[in-house]
Amino acid sequence: MGERGVRGRRRRAGTAAALAVLLGAMLPACGSAPSSSQGSDEQAAPRARQQTGWDTRPASLAAVGDSITRGFDACSVLADCPEASWATGSDPGVRSLALRLLGERGAAERSWNHAVSGARAADLPAQVERAVQDRPELLTVMVGANDACRTSTRHMTKVKDFRKSVEEAMEIVREELPRTQVYMASVPDLKRLWSEGRTSELGKQVWALGICRSMLSKPDAVDKKSVKRRAKVHKRVKAYNRVLAEVCGQDRLCRTDGGAVFDFRFTGTQLSPWDWFHPSKNGQAHIARIAYRAVTAKG
């Protein structure tokens with residue numbers, strides 16, 4: 001880590017207890033994935049830097065974020081599966097952003113995954129400090145679900161604190177790597193995941209272990225208090241996404257997905273068959289496709 005990182009930016013990486021990491025993390029799971037054949041959006045777009053300075057074919061990629069980016073539970077129960085990551089994974093069924101941009105060999109040699117299961121926005125600066133050492137041409141960011149998924153709504157990360165962490169992470173990128181591009185994925189719609197997953201009795205049994213209590217506790221309750229609680233989480237996720245869009249919008253080398261991950265209507269096919277809440281391999285593949293379209297869009 002450079003002097004600047006050592007001097008002022010080393011932050012706590014979060015050494016939560018194992019159970020908190022496992023249950024508080026975003027847990028993707030095994031599932032069928034879209035066809036590995038390339039669609040029209042992947043027809044070897046030429047490497048070209050746009051007038052804005054954006055390169056649609058970056059030659060290296062580093063990822064930061066939480067357990068969605070780690071592919072947690074995608075290959076085996078309660079374990080990270082980075083090969084299934086939407087950002088840097090090697091699984092041909094998922095076709096990660098790295099595979100789509102760099103090819104198999106390039107993804108193996110020039111992509112790095114610094115995400116940590118259970119991470120929140122406060123952990124971003126420390127992750128970015130590690131990522132900039134790789135000197136990637138593109139940095140992907142996906143964070144915020146764990147800031148909203150807390151034991152109760154009053155423990156959710158405040159919007160101003162979320163903004164401060166994201167801004168600090170971007171400052172590190174710009175100070176260390178002024179020409180590195182940043183892609184920020186939106187936070188998934190947790191209320192949508194609750195609505196879809198509550199149809200599974202097995203999923204609800206897993207939820208009872210403590211996953212995302214702010215949204216998922218008492219999943220079948222429709223009393224005024226429960227409805228208000230879910231609405232509060234939903235509102236907070238939308239606020240986080242506004243922050244991501246605003247911070248990114250102030251940087252000419254930053255792009256978001258325009259809310260595409262938040263808007264994506266995850267169904268049983270894209271959700272874990274174990275907990276009906278986190279992305280399956282199929283879900284990971286869809287997130288990768290959204291990212292690829294955003295990164296390679298012209299203009």
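A polar contact is a pair of N or O atoms within 3.5 Å; within protein, one must be able to donate a hydrogen and the other to accept it. Keep that cut-off in mind for the opening stop. The model on screen is predicted.

**Stop 1: a polar contact**

Select Asp-223 and Ser-226. Their side chains are joined by a polar contact of 2.9 Å. Asp-223 sits in the loop between α10 and α11. Its relative accessible area is 37%, so Asp-223 is partly exposed.

**Stop 2: salt bridges**

Side chains of opposite charge can pair when their charged atoms come close. This structure holds 9 salt bridges.

Start with Asp-220 and Arg-198. They form a salt bridge, with the closest N and O atoms 3.8 Å apart. Asp-220 is in the loop between α10 and α11, and Arg-198 is in the loop between α8 (190-197) and α9, so the pair ties together parts that are 22 residues apart in sequence. Asp-220 is partly exposed, at 44% relative accessible area. Arg-198 is also partly exposed, at 26%.

Together with Arg-198 and Asp-220, they are linked in a network of salt bridges.

Next, pick Arg-70 and Asp-80. Here the closest N and O atoms of the salt bridge are 3.4 Å apart. Arg-70 belongs to helix α3 and Asp-80 to the loop between α3 and α4, so this pair ties together parts that are 10 residues apart in sequence. Which partner is buried? Arg-70 is, with a relative accessible area of 16%. Asp-80 is partly exposed, at 34%.

Then move to helix α4 and show Glu-109 and Arg-105. Their side chains meet in a salt bridge of 3.2 Å, N to O. The two are 4 residues apart in the helix, so about one helical turn separates them. Glu-109 is partly exposed, at 45% relative accessibility. Arg-105 is exposed, with a relative accessible area of 64%.

**Stop 3**

Val-77 lies in the loop between α3 and α4. At 54% relative accessibility, Val-77 counts as exposed.

**Stop 4: aromatic pairs**

Switch to the rings. The whole structure has 4 aromatic pairs. One of them is Trp-86 with Tyr-183, an edge-to-face pair: 6.2 Å centre to centre, 70° between the planes. Trp-86 is in the loop between α3 (67-70) and α4 (97-110), while Tyr-183 is in strand β4 (residues 181-184), so the pair ties together parts that are 97 residues apart in sequence. Trp-86 and Tyr-183 are both buried.

Now select Phe-162 and Tyr-240. Their ring centres lie 4.3 Å apart and their planes meet at 15°, so this pair is stacked. Phe-162 is part of helix α7 (residues 159-176) and Tyr-240 of helix α11 (residues 224-249), so parts 78 residues apart in sequence are tied together. Phe-162 and Tyr-240 are buried.

**Stop 5: disulfides**

How many disulfides are there? The count comes to 2.

Show Cys-149 and Cys-212. A disulfide joins them, S to S 2.0 Å. The angle about the S-S bond is -80°, and the link is left-handed. Cys-149 lies in the loop between α6 (145-148) and α7, and Cys-212 in the loop between α9 (201-207) and α10 (213-216), so the pair ties together parts that are 63 residues apart in sequence. Cys-149 is buried, at 10% relative accessible area. Cys-212 is buried too, at 4%.

Finish with Cys-248 and Cys-254. They are joined by a disulfide, S to S 2.0 Å. With -115° about the S-S bond, this link is left-handed. Both Cys-248 and Cys-254 are buried.

Conventions: Residues numbered from 1 in each chain as written. Predicted model: local features only at pLDDT ≥ 70, side-chain atom pairs only at ≥ 80, totals over all residues. Heavy atoms only, no water. Phe/Tyr/Trp six-rings, centres within 6.5 Å; stacked < 30°, edge-to-face > 60°. Buried < 20%, exposed > 50% of the residue type's maximum accessible area, 1.4 Å probe, protein only. Disulfide = S-S within 2.5 Å. Salt bridge = Lys/Arg side-chain N within 4 Å of Asp/Glu carboxyl O.
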